[in-house]
Amino acid sequence: MPRAQKHGPLALVYASPGSAWNSPWHYPFVRSAAGLTVINTGSVSLSYDGDRRASYLLLDDLTPVIRRVEYDVEREIKALFDRGFPHNGWIAKILASASPQAP
């Protein structure tokens, strides 16, 4: 899948337009300035804003809305350890706190 997709006046990018490794953290937001709207959908599960719910973007007639959905965070953390996922302790701390954590 391409890192950027353009649809009329809308450009969708993964992370940031210049790099897949640089991103505006995992904070969901919608901001408008000087005729430009910038939206960060946040992260489906690695939220940094204190809200453990998954976030996603809904575009309704090009009106952006950030939506949040409850999911079983404890089950997700258990699955990280059960499957031996790399860096599982660090990721578990982020999931549990919904905030940035040192590795």
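**Salt bridges and layout of a predicted chain**

Some ground rules. This is a predicted model: local features need pLDDT of at least 70, side-chain atom pairs count only at pLDDT 80 or more, and totals for chains, interfaces and linings use all residues. Residues are numbered from 1 along each chain as its sequence is written, and side-chain values use heavy atoms, with hydrogens and water left out.

Now the overall layout. The chain has 2 helices and 6 strands. From the N terminus, the order is β-β-β-β-β-β-α-α. The C-alpha trace spans about 45 × 25 × 25 Å along its principal axes. The chain has 103 residues, and 23% of them count as buried.

What about contacts? A contact means heavy atoms within 4.5 Å. Take the contacts with a separation of 6 or more: 28% of them join residues 24 or more positions apart.

Next, surface. The accessible surface comes to about 7400 Å² (Shrake-Rupley, 1.4 Å probe; for residues, only the protein chains shown count as cover). Carbon and sulfur atoms hold 57% of that surface.

Charges next. There are 11 positive and 9 negative charges, and their mean positions are 6 Å apart. Lys and Arg count as positive, Asp and Glu as negative; His and the chain ends are not counted. Each charge is placed at NZ of Lys, CZ of Arg, CG of Asp or CD of Glu.

Back to salt bridges. How many are there in the chain? The count comes to 5. One of them pairs R68 with D49, at 2.9 Å between the closest N and O atoms. R68 lies in strand 6, D49 in the loop between strand 4 (36-40) and strand 5, so this pair ties together parts 19 residues apart in sequence. D49 is partly exposed, at 35% relative accessible area.

Another joins R52 and E74, at 3.3 Å, N to O. R52 is in the loop between strand 4 and strand 5, and E74 is in helix 1, so the pair links parts 22 residues apart in sequence. R52 is partly exposed at 31%. E74 is partly exposed too, at 47%.

Last stop: loops and a patch. L12, L59 and L62 make a nonpolar surface patch of about 240 Å². Patch residues have over 30% relative accessible area and no salt bridge; like charges are joined within 9 Å, nonpolar side chains (Val, Leu, Ile, Met, Phe, Trp, Tyr) within 5 Å. L62 sits in the loop between strand 5 (54-60) and strand 6 (63-69). L62 is exposed, at 53%.

Is R83 buried or exposed? Exposed, with a relative accessible area of 67%. R83 lies in the loop between helix 1 (73-82) and helix 2 (88-97).

Conventions
Salt bridge = Lys/Arg side-chain N within 4 Å of Asp/Glu carboxyl O. Helix = DSSP H or I, 4+ residues; strand = E, 2+ residues; numbered from the N terminus. Buried < 20%, exposed > 50% of the residue type's maximum accessible area, 1.4 Å probe, protein only.
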